Amino acid sequence: MSSPDIAAILENSKELDRLRKDQEDILLEINKLHKKLQTTPEVVEKPGDNSLARLKVLYTQAKDLSDSEANISNLLISQLDAILPPGPQGQPRRRIGKGNEQKRKRVKTESDISRLTPSMRNQLEACASLKGEQVAARVTPRNAVKDEWFVVKVIHFEKESKEFEVLDEEPGDDEDSSGQRQYKLPMGNIIPFPKSNDPSSAPDFPPGKHVLAVYPGTTALYKATVVHGHRKRKTDDYVLEFDDDEEDGSLPQRTVPFHKVVPMPEGHRP
């Protein structure tokens with residue numbers, strides 16, 4: 001084992017520490033923006049506000065740092081493999097066969113999750129905790145002309161692929177005749193509903209705000225506008241005007257529980 005080899009390993013270790021420190025700084029900024037958008041979602045509609053653009057830049061930086069961390073980690077593993085002595089004689093490496101494939105996958109998944117930052121791990125745990133809950137889900141593909149959002153039940157969240165398995169328990173008449181339909185959806189297609197027993201967790205949408213809400217008597221969500229002057233407490237129902245809900249030349253005002261109203265997704269195609 002030569003001094004240059006050790007020096008190279010130590011140098012890469014320092015670079016790994018620097019990358020992780022940079023990741024922590026970026027995640028702090030992301031969390032600050034998340035809190036700002038959750039408490040005052042209307043700020044994005046103010047002229048000159050660049051919160052969403054800044055958030056995109058931060059996510060891009062976080063991804064680049066994560067990729068760099070993976071590259072440096074792989075390089076360190078190669079450097080260590082090159083200088084470590086081989087294993088004791090008489091103990092050849094065991095070849096992993098098909099019988100151990102599932103175990104290898106499980107170990108890999110747990111290792112991948114353990115390398116995530118605390119913020120990312122918390123996000124995955126929050127998604128996993130939605131099992132059995134009803135959520136809002138976009139069931140149409142990204143390139144669809146129109147977005148369709150339904151109330152679905154979370155069956156499972158796969159941490160490795162970051163995908164939800166959900167069940168549409170009450171599809172419409174034109175859906176699968178079995179009466180239920182199952183989807184596998186990425187995290188970006190899911191919006192949790194506020195807790196009906198914890199109004200403090202619910203965003204407070206001001207009058208005039210565009211939202212996504214469950215249309216009364218259905219399990220579908222549509223774009224709607226919060227009506228002025230009807231809501232005084234967080235537990236009060238919202239009075240909404242749904243787009244394309246015209247009756248006799250005007251939009252009727254419809255009452256929707258606060259826990260069936262969520263923020264309007266960016267880029268929504270009604």
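**Note on the predicted model**

1. In helix α2, the buried residues are Ser51, Leu55, Leu58, Ala62, Leu65, Glu69, Ile72, Ser73, Leu76, Gln79 and Ile83. Here buried means under 20% relative accessible area, exposed means over 50%, and partly exposed lies in between, with a 1.4 Å probe and protein chains only. Helices (H or I, at least four residues) and strands (E, at least two) are DSSP runs, numbered from the N terminus.

2. Residues are numbered from 1 along each chain as its sequence is written, and side-chain values use heavy atoms, with hydrogens and water left out.

3. Four helices and 10 strands make up the secondary structure of the protein chain. Their order along the sequence is α-α-α-α-β-β-β-β-β-β-β-β-β-β. Of the chain's 270 residues, 32% count as buried. The accessible surface is about 17,800 Å², and 50% of this belongs to carbon and sulfur atoms; such areas come from the Shrake-Rupley method with a 1.4 Å probe, and for residues only the protein chains shown count as cover. Among contacts (heavy atoms within 4.5 Å) in the protein chain with a separation of 6 or more, 51% are between residues 24 or more positions apart.

4. What span should helix α2 have, and how far apart are its end C-alpha atoms? The helix covers residues 51-83, and its 33 residues at 1.5 Å a residue should span 48 Å, which agrees with the 48 Å between its end C-alpha atoms. The expected span is 1.5 Å times one less than the number of residues.

5. Ile30 belongs to helix α1 (residues 3-39) and is buried, at a relative accessible area of 3%. Beyond its neighbours within four places in sequence, Ile30 is in contact with Leu55, Leu58, Tyr59 and Ala62. Leu55, Leu58 and Ala62 are among the buried residues of α2.

6. Four aromatic pairs are present in the structure. Rings of Phe, Tyr and Trp (its six-membered ring) pair if their centres lie within 6.5 Å; planes under 30 degrees apart count as stacked, over 60 as edge-to-face and the rest as tilted. The pair of Phe157 and Phe164 is tilted, because the ring centres are 4.7 Å apart and the planes stand at 50°. Phe157 is buried, with a relative accessible area of 5%, and Phe164 is buried at 1% relative accessibility.

7. Tyr215 and Tyr222 form an edge-to-face pair, at 6.2 Å centre to centre and 90° between the planes. Tyr222 is partly exposed, with a relative accessible area of 41%. Together with Phe242, Tyr215 and Tyr222 form one aromatic cluster.

8. Another ring has a charge over its face: Lys260 lies over Phe193, at 4.9 Å from the ring centre. The criterion is NZ of Lys or CZ of Arg within 6 Å of the ring centre and within 35 degrees of the ring normal.

9. Thr225 is found in strand β7 (residues 220-226) and is buried, with a relative accessible area of 19%. Its side chain makes a polar contact of 3.2 Å with that of His210. A polar contact is a pair of N or O atoms within 3.5 Å; within protein, one must be able to donate a hydrogen and the other to accept it, and residues adjacent in sequence count only if both atoms are side-chain atoms. Apart from its neighbours within four places in sequence, Thr225 is in contact with Gly208, Lys209, His210, Val239, Leu240, Glu241 and Asp243.

10. Asn189, between β4 (181-186) and β5 (190-192), is buried at 7% relative accessible area. Lys162, in the loop between β2 (149-158) and β3 (163-168), has a positive phi of about 60° although it is not a glycine, and is partly exposed at 38%. Asp244, in the loop between β8 (238-242) and β9 (254-256), likewise has a positive phi of about 60° without being a glycine, and is exposed at 80%.

Terms used:
This is a predicted model: local features need pLDDT of at least 70, side-chain atom pairs count only at pLDDT 80 or more; totals for chains, interfaces and linings use all residues.
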